[in-house]
Amino acid sequence: MKRALALAAIVVAGTVTYGELGGLLKGPSVFADELIYMDATRSVADGHRPMERDQPYGRGLLFPVAAAPVVALAPNQLDAYRGLKWFNAFVFSLAAIPAFFLARRFLSEGWSLVVAGLTAAVPSSVYSGMVLTEAAAYVTGTLALLALLLVIERPTARRQLYALGAVALAALARPQLVALGAALPVGLAVRWWLLPKMTRPRVSTALRRLWPTAAAVGFVVVVGAAAFASGHASLRDYRDVFTTYDVVDVARWSWYTLGNLGLYVAIVPLVAAPAALADLWRRGRAGSVQDASFLGLFLTVNVVTILLVAAFSSATFGGERLHDRYLFYVIPLWLVLFALWVVRGAPASWRSLVLGCGLTGLLLVTIPQNLLLRDTNLQFDAVATAVWARLRAVDPARPGVLRLLLVVAVLAALGAIVAARLGSPAIRPLLLVPIALVFVLNAVFVWESRAHDADLTVFADDRAATWSWVDRAVPDDAEVTDVFVESGPCRPVNIGPFRMTEFFNARITPVLRVGVPADITTDGRSVRIGADGIVRTLDGKEITAQYAVLPPGVAVKGHVIAQGTLANLRLWKVGGILRFPQANSNAAAVASACPTGTT
């Protein structure tokens with residue numbers, strides 16, 4: 001009962017904290033991700049298949065399906081948005097429960113609660129304040145780690161099916177997490193190899209035990225291939241990942257990603273990692289199935305995840321930045337490893353400590369300084385850099401100062417470990433204090449940054465009807481087209497009013513972009529205005545619309561039925577072919593849109 005109450009307290013505290021912090025974000029700020037997930041969730045709530053505007057949804061299904069009741073029960077779109085943030089706060093905090101049971105395989109109840117609390121306190125909690133899938137992926141990913149550890153310890157048929165189901169659930173939240181499945185065969189192989197020869201089963205016997213896994217994987221491959229071949233399944237939004245990757249670039253970004261992971265966990269666990277892993281190795285060689293299993297899980301999951309994140313960062317669409325947004329799912333493993341090492345007395349040889357210190361120092365000082373700039377976009381994808389980015393901003397002209405501070409931090413971590421080993425056992429738990437402190441500081445900084453970015457004054461007041469002004473003006477079955485005109489004067493209008501209007505109005509589906517070359521359009525559809533003023537697709541098809549939202553300064557054939565936002569966007573009733581009577585080209589529309597004094 002006490003354990004249940006303690007876990008409930010962590011979940012409730014996390015939910016309330018992140019729910020209230022989410023309230024500081026007045027509106028969405030991550031486009032087009034939040035819009036995509038909002039659209040998909042709305043369509044499920046309306047009883048349809050997930051849709052992304054007027055296109056089939058091509059991302060993880062778990063969030064839209066699980067969150068749909070929140071939207072369905074909300075009286076309006078503004079309350080639905082607020083409800084989704086509280087839903088994410090609750091789901092994110094739930095990760096403490098599987099983290100507790102993961103830690104409980106090795107640690108006492110008290111220590112396991114510490115791991116559970118830290119798992120819920122990671123600074124990536126900032127994603128729970130947005131309409132994103134990270135919260136669902138975090139709890140299901142942590143559950144998958146627990147299930148994988150159990151099956152590696154004892155690969156019964158039932159545990160294999162549970163583990164595969166948990167990995168599948170995590171992949172439904174975020175397809176990247178399907179890679180966790182590699183931990184099952186590789187983790188079992190590491191466990192088999194580590195254990196003393198006299199305790200190992202024969203290879204043929206060990207392989208025969210995996211028939212449930214082979215059967216389940218085979219079934220999924222066949223069904224998945226059939227679904228993709230028939231068009232019933234799609235990875236449309238992930239098509240960019242199916243490209244070639246440069247091995248050298250992936251290796252380089254793997255190095256940076258490991259350094260970023262060290263920053264995330266406050267450096268100390270990375271310094272101690274060689275000693276902690278060596279201790280698991282020794283115990284596994286001595287016959288400990290649990291230690292050998294955890295070592296296999298830890299190594300496999302970290303290597304696979306780091307390689308995936310590095311591959312993403314190295315590609316063009318990775319934006320040449322760190323991405324612990326896709327990395328933090330391994331943090332529960334690091335918390336368990338470090339807590340277990342501390343509880344066992346921090347066993348280490350001087351060689352392992354010197355290795356850990358040297359490797360960590362080299363990792364951190366070789367992270368390019370441009371990846372540690374104070375920038376809200378950089379810190380959104382790499383929350384672990386928030387503290388260090390602010391330190392660098394104190395003296396930006398001398399980046400060498402930050403490298404010196406990183407070296408000092410590594411030496412301080414080594415000093416803390418040595419002091420804890422030589423001092424009283426009662427002080428060893430204090431080694432976790434830097435982790436908690438860095439988690440809190442990074443969380444404060446990234447929540448503050450996102451709240452600032454989301455603080456856009458777009459509407460005249462906070463009434464739901466004002467925010468959903470388009471939905472209020474058209475019939476429930478209407479379809480409204482957004483027409484973005486890309487120009488310098490229209491840029492503030494496109495960033496705020498257009499985006500917010502689209503997000504809070506369910507009737508808006510197609511998005512057309514005038515003035516953007518097709519090869520750089522990543523959001524919406526590029527179109528061309530002909531000499532007759534008719535809007536056509538790039539392959540020449542005329543575009544029709546029932547209603548259209550346009551910026552001030554441009555007109556289409558029809559009449560204005562509503563006006564909204566402080567930027568004076570207009571809602572036009574078109575009812576046919578979309579035509580600009582006063583513009584005979586994209587350039588003409590761009591030149592007339594958003595004239596001075598109208599926005």
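This is a predicted model: local features need pLDDT of at least 70, side-chain atom pairs count only at pLDDT 80 or more; totals for chains, interfaces and linings use all residues.

Visitor: What kinds of residues make up the lining of the largest cavity?

Guide: Nine are nonpolar, two are polar and none is charged.

Visitor: Why is the link of Cys490 and Cys594 called a disulfide?

Guide: Two cysteine sulfur atoms must lie within 2.5 Å. For Cys490 and Cys594 the S to S distance is 2.0 Å, so the pair meets the rule. The count by this rule is one disulfide. The link is right-handed, with 100° about the S-S bond.

Visitor: What does the pair of Cys490 and Cys594 tie together?

Guide: Cys490 is in the loop between strand E3 (480-485) and helix H23 (491-503), while Cys594 is in the segment after helix H24 (586-592), so the link ties together parts that are 104 residues apart in sequence. Cys490 and Cys594 are both buried.

Visitor: How do you know whether Cys357 is buried or exposed?

Guide: Buried means under 20% relative accessible area. Cys357 has 12%, so Cys357 is buried.

Visitor: What makes Phe92 and Phe328 an aromatic pair, and why is the pair called stacked?

Guide: There are 26 aromatic pairs by this rule. Ring centres have to lie within 6.5 Å, and planes under 30 degrees apart count as stacked. Phe92 and Phe328 are 6.3 Å centre to centre with 20° between the planes, so both tests are passed. Phe92 is in helix H4 (residues 77-93) and Phe328 is in the loop between helix H14 (289-314) and helix H15 (331-343), 236 residues apart. Phe92 and Phe328 are both buried. Ring pairs also link them into a cluster with Tyr18, Tyr127, Tyr138, Tyr329, Phe380 and Trp447.

Visitor: Which ring does the charged end of Arg285 sit over, and which face does Arg325 lie over?

Guide: For Arg285 the ring is that of Trp193, whose centre is 5.8 Å away. Arg325 lies over the face of Tyr127, 5.9 Å from the ring centre.

Key:
Residues are numbered from 1 along each chain as its sequence is written. Side-chain values use heavy atoms; hydrogens and water are left out. Helices (H or I, at least four residues) and strands (E, at least two) are DSSP runs, numbered from the N terminus. Buried means under 20% relative accessible area, exposed over 50%, partly exposed in between (1.4 Å probe, protein chains only). Ala, Val, Leu, Ile, Met, Phe, Trp, Tyr, Cys and Pro count as nonpolar, Asp, Glu, Lys and Arg as charged, and the others, Gly among them, as polar. Rings of Phe, Tyr and Trp (its six-membered ring) pair if their centres lie within 6.5 Å; planes under 30 degrees apart count as stacked, over 60 as edge-to-face and the rest as tilted. A charge sits over a ring if NZ of Lys or CZ of Arg is within 6 Å of the ring centre and within 35 degrees of the ring normal.
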